[in-house]
Every structure is written in C-alpha cells, then in structure tokens.
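These notebook entries record what I looked up in one structure.

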Amino acid sequence: MRVWRQAVSVTAPLRHSAVDLSEELQRALKDSGVTDGFAVAFCEHTTCALVINEWEQGLLADVTRRLRTFVPDDDYYAHDDLSIRTENLVEEERVNGPAHVASIVLGATSQTIPVVGGDAALGRWQKLFLLELDEPKDRTITFHIYGA
C-alpha cells in the first residue's frame, strides 16, 4: 500500500465565497502514484468547510444567501461575548461566532473521495471546494492519499 500526503494553501476572495480544489486534488493524486484507493481532504481550520457539490454560480449564490439566513451575523453569539467567554482566547480576538456555527452546521472538516484509475471518482458535476465562512485568510488543506 502506498501512502502520500500533500498540503496546499488557498485563500478565498470573500466571506462566503468558494475556492475550487479539484485541480489541486488531481495534482496530488498524480504526484502520489496511487491509482486505486482513497483520498482524504482535510481542512485544519474551524471557520470554513470542505464541500463536494456542483460548482455553479447560482448555487454558490444560493448557499451564501441561505447561510446568512440560517446563521445571521446580527444574532447574539456567546462565542463573541468577551464578557463571559474564558476559553481559547488570543490577544487579537475577533468576532467570528457565525462562522464557527455555520461550520458546525455544515459539518464538513474533511471529505473522502474514491480514487479509480488514478482519478478522483467524483460525479459528473461534482467538485471539491472550500467554502470560506469567515474573513478571507490562508487556509491549509491536506490531501492524504492511500491505496495501490
């Protein structure tokens, strides 16, 4: 069994925007030499999500609109209430409760993709992408590929 790990760094242009990772995934698969197995894409950040879905501008706009409805910025978030919060604080603490809640609702820190014939076995319209839920910043995605 062959095991390969490769990390990439990406930055989304805006909050609630997406970055297509499909080419980075395919490049990692080629570099790994694995032709039959699995690729795990893992994002080590808590205010974004990895998603497999159709890459279509109307859908991406719909996701942004729904996220703002489900997790509105103007609600109260105890995570952002520094008068009561005592855990995981840093000197330059930012307001990002909605991004953390949206990430939990989406539940997508990682995705597992079958590898067949050296390619990601995604459906016809499926793409792997990062959905930024906070302010844009560098995000690290690790591809862990294993198989024959």
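**Entry 1: terms for the core.** I took a nonpolar core to be a set of buried Ala, Val, Leu, Ile, Met, Phe, Trp, Tyr and Cys residues joined through side-chain atoms within 4.5 Å. Buried means under 20% relative accessible area, exposed over 50%, and partly exposed in between, with a 1.4 Å probe and protein chains only. I noted that the model is predicted, that local features need pLDDT of at least 70 and side-chain atom pairs pLDDT 80 or more, while totals for chains, interfaces and linings use all residues. Residues are numbered from 1 along each chain as its sequence is written, and side-chain values use heavy atoms, with hydrogens and water left out.

**Entry 2: the core.** The largest nonpolar core has 21 residues, and L21, I141 and F143 touch the most other members. Two or more residues each come from β1 (2-10), α1 (22-32), β3 (36-43), β4 (48-54), β5 (110-116), β7 and β8 (139-147). Another core, of 13 residues, lies apart from it and includes V51, L60, L67 and L131. I then listed the contacts of L21 (heavy atoms within 4.5 Å). Beyond its neighbours within four places in sequence, L21 is in contact with V10, L50, L128, F129, L130, I141 and F143.

**Entry 3: the chain.** I counted three helices and eight strands in the protein chain; these are DSSP runs, H or I of at least four residues for helices and E of at least two for strands, numbered from the N terminus. Along the sequence their pattern is β-β-α-β-β-α-α-β-β-β-β. Of the 148 residues, 39% are buried.

**Entry 4: helix α3.** Which residues of α3 (97-106) are buried? I found G97, P98, A99, A102 and S103. Their cover includes β4 and α2 (57-70). After α3 comes G107, with a positive phi near 55°.

**Entry 5: E132.** I located E132 in strand β7, residues 126-132. Is E132 buried or exposed? E132 counts as buried because its relative accessibility is 0%. A polar atom of the E132 side chain lies 2.9 Å from the backbone nitrogen of D134. I checked this against the rule for a polar contact: a pair of N or O atoms within 3.5 Å, where within protein one must be able to donate a hydrogen and the other to accept it, and residues adjacent in sequence count only if both atoms are side-chain atoms.
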